[in-house]
Amino acid sequence: MKRSRYLLGASLMSVAILAACGGEGNDGNNNADPADNNANNAEVNDADNDGADDADADNDGNNDEEAADGDAPQGGTVTYGYTAPFAGVLDWNFYGGVDDSLALNIFNGDALYSISSFTDFEPEPSLAHDWEWSDDNLTVTFHLEEGVMWHNGEELTAEDFEFSYETIAHPDYDGPRLSNVDRIEGFDEYRAGDADSLEGVNVIDDYTFEVTFQEALANNLENLWAYPTPKAHLEHLEVSEIEDSEEVRQNPVGLGAFQVENIVPGEQIEYTAFEDYWQGAPNLDGAVYRIVDGNQAGELVAQGEVDIIELTPTQALPLEDNEDVTVEEIEALSYSYLGFKLGEWNAEDEVVEMNNPKFESKELRQAFAHAIDRQGIIDEFNEGYGTVINAPESHIRWSYPDESTLNQYEYDPDRARELLEEAGYEDVTGDGFVEDPDGEEFTVNLAAMDTPADIAEPRAQYILQTLQDVGINAQLMDGQLLDFNLFYDLVEEDDENIDIFMGAWGLATADPDPSGLWRSNDFWNFPRWDNEESDELIAEGLSEEALDIDYRQEVYQEWHQLVNEELPLIPLNSPTDLYGINANVGGVTVDVRDATANPHEWYIDEE
Amino acid sequence: MLLYTLRRILIMIPILFLVSIVVFSLAFAMPGDALSGQIDPTQSPEYIEEMREELGLNDPVHIQYGRWVAGIVQWDFGRSVVHRMDVSAIIGERLPNTILLSAMSLIITYILAFFMGRYAGRNPYTKGDYTIQGINYLMLAIPSFVAALFAIFIFSFQFGLFPSTGSVGSGMTPGTFEFWMSKLYHTFLPALVLGALVTASYTQFLRNDIIESAQKDYVRTARAKGTPESEIYNKHILRNSIIPIVTLFGFDIASIIGGAVIIETIFSYRGIGELLISSIERRDSAVVLSVTLMLSVATLVGNLLADLLYGIIDPRIRVE
């Protein structure tokens, strides 16, 4: 008995760690999709990892500006820490989670183009120095950098990209990246095994290739798979064998500033400098990717056992005054929300059905928004790290709407009571809680996750308290918090006990398209919100016309205003990601996903 | 003895069968599966449904169970959805670390218990004895994860004596002397915590046995013959008293691996225990099932070993 209790204690602790690394209210451990260049949104904790290849070191707030141009100190080794064991699938086409993508970024981070927060989420040239669209907007032609070398001495060619597309689209491929190639012309035939090659991919010469899409959509480029695969290294393998092969798990080949030297499974990867790196040899002699216990992250970076690691707000706060550590902040590309269950998923027709009358009233939903102290949640539970948002989008991206056009839903219990009254919710029985317009008892069940362990419970109680203050009889569903898996199981199957639920979404780096989460035929539309105008606007945002970014921005502006008014969910906040970096280590660029951008710029300054 | 051994081994088969049913139902009852964590709008629900179908997660429970048992009988433990490799390969990767940790913690337990038990047994009801007892029970009472965090705080962070995470340092070539020293160095602190916490039972066993033996007739005879006191204790009593402790070894196999589950997680020490915890979190049921089953088998084998050792050491226990 005693032992099992220990077990419980230990597992709770590690859940907290994982949640911490994932951000708001999430278990960092579920293996959602970190898909790169993905037009869609992914569950928050396994964020996308794009823009790992920004060539420009000091756009961002790193602390040692002077070392930017080749006069940086040479030598040394930097250790990058992460808090969940990596699976070890070191190939972009097959990897699953952020645990592997961090390792990949260090030795193989470069893609066709890069998208990052410091280029305003616009594609910037990387392996492709240039690209142009055909007049019908269906075909894009990429021109590759010359002289880019793989670690095995081969030169990067257009065939390495063709190899990527044909691997992912291959009938035997069972990895999670299909959505990044399925718009290419001829995908269906190739996937079905009816064609020997992908019709839409055309290699013109060693440094030029073109990709043709089935239809002209605004985010075809951002959606397209952008990583090359070392063809010479892998072509002797069947597609079904690649994932398990030694070539991927023990001797992976990349084209980044570091090459893999040694892998201790699930624990660490050691890299040595690759002198022939196409952007110039790295400053360091080597790098280490090391898995550590997340509870100790703050102390480990203070002790110098790791040099770069993501921190939770409670870990970062005591390090602010520490001379050995620099704490870097960046707005995360994710948001947490409080959703209303407006209906359920109709699996047969694959559409949502907005058939729950409980939250039909828009005024009622808005009353909830005014009742909740969203800034208070940030101050009380996130040490002030985070920003209140009024649209389900990260406020650092171009697609975030003009705040002045949105209802602010500031914390205002009186306004909430007014709205309740307008909607017909009044306290008839005099018990301090409102009844619904029919005079029936009105109770609201909140479903919430049990992570991060230290703040989940008080935060849920805080929200319930503020709702009760305005007269809404809110309580925790079944009186307890839910485990991550159980929570999403119940939310997905529209459990009838759930009235409101607190979740979080991560956003794709490359593109702000809301498809996948918001249309009436999206399974992941958890509030089960069905709105024709919204569907039309989302489709409009992807149309050929929306290739003009100003037009696209207008469309999204309109869509966000609609969501803001209808309020199928209440956006709570956009969290801040925090990184602890050893003060001796410079050249580190912190981006919205991680701090592995441009590792060739990293250096150690011993003074 | 042979008959007894055979009987003991045979009886393990129905026990294992029942254990497998319990383990499987528990894993089955966990909310969610490895795919339910894949909350990713780029994947259509059909894709996930397809994957579930492919993995057989939609089959009725008895069919899933049958498939699982049939696989295990053929030494096929299934495939990890999270690690995307065969479960036997992952366990093979992790097992050496756990064995090293367990062996080292056992050695530490033996050494500590031997010296403390001997001292307490020779000087019963003195201040020293009570101190040892106090320390032992205190350690028994401290939850291992608390002890581990304290050990990390004191030995790693305050004094910087030992690393707090990992099972090996960077820059080592596997197989070299340096590599093994680094492994031992990384293993020492977790092994110390794991080993020190369970010394109580050993120490008290040894102490009580020594006190009891000290009043036996053969000891009185030895004393009467004028044998030096140290020789009586070291030669006559200690030898007899150590024997029952040897049998504890069998029972310990399971409890040490069980204890390693927590310690490994806190020290980020990649072994079986850490694998079990992270697999439970990620609902990687093939791994959870295999590891739990492995721990059950280890318990059964440990108990068997303990019984057999009893029989060898003490002929009176032998059952024919």
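## Basis of the description

This is a predicted model, in which local features need pLDDT of at least 70 and side-chain atom pairs count only at pLDDT 80 or more, whereas totals for chains, interfaces and linings use all residues. Residues are numbered from 1 along each chain as its sequence is written, and chains are lettered from A, with ligands numbered from 1, in the order in which they are written.

## Overall make-up

Chain A contains 17 helices and 24 strands, these being DSSP runs numbered from the N terminus (helices: H or I, at least four residues; strands: E, at least two). Of its 607 residues, 57% count as buried, a residue being buried if 20 or more other C-beta atoms lie within 10 Å of its own, exposed if 12 or fewer, and partly exposed in between, with C-beta atoms placed from the backbone. Among the contacts in chain A with a separation of 6 or more, 68% link residues 24 or more positions apart; two residues are in contact if their C-beta atoms, placed from the backbone, lie within 7 Å.

## Nonpolar cores

The largest nonpolar core has 174 residues, where a core means a set of buried Ala, Val, Leu, Ile, Met, Phe, Trp, Tyr and Cys residues joined through C-beta atoms within 7 Å. The members that touch the most others are A:Tyr165, A:Ile308, A:Leu446, A:Ala447, A:Ala448 and A:Ile570, while helix α2 (residues 98-108) of chain A gives the largest share, 6 residues. A second, separate core of 48 residues includes B:Phe77, B:Leu101, B:Leu192 and B:Ile262.

Leaving aside neighbours within four places in sequence, A:Ala447 has contacts that include A:Met477, A:Phe487 and A:Phe501. A:Ala369, in helix α11 (residues 362-371) of chain A, is buried because 25 other C-beta atoms lie within 10 Å. With the sequence neighbours within four places again left aside, A:Ala369 is in contact with A:Tyr409, A:Leu567 and A:Ile570.

## Strand pairing in chain A

Four strands of chain A form an open antiparallel sheet in the order β5-β6-β8-β7, with β5 (128-133) and β7 (201-205) as the edge strands, each pairing on one side only. Two strands are taken to pair if DSSP finds at least two bridges between them. Between β5(A) and β6 (residues 139-144) of chain A there are 5 bridges, and A:Asp130 stands opposite A:His143 in β6(A). Helix α3 (residues 158-168) of chain A lies across β6, β7 and β8 (208-212), running at about 170° to β7(A); axes are lines fitted to C-alpha atoms, for helices over the stretch in contact, and angles run from 0 to 180 degrees between N-to-C directions.

Elsewhere, 5 of the 6 residues of strand β11 (residues 286-291) of chain A are buried, so this strand is largely enclosed by the rest of the structure. Strand β2 (residues 77-82) of chain A pairs with β11(A) in the parallel sense over 6 bridges, whereas strand β10 (residues 268-273) of chain A is joined to β11(A) by 5 bridges and runs antiparallel. The bridge partner of A:Tyr82 in β11(A) is A:Ile291, and A:Ile269 stands opposite A:Tyr289.

## A helix pair in chain B

In chain B, the axes of helix α5 (residues 127-141) and helix α8 (residues 199-213) come within 8 Å and cross at roughly 150°. Residues of α5(B), including B:Ile132 and B:Tyr137, meet residues of α8(B), including B:Ala200 and B:Thr203.
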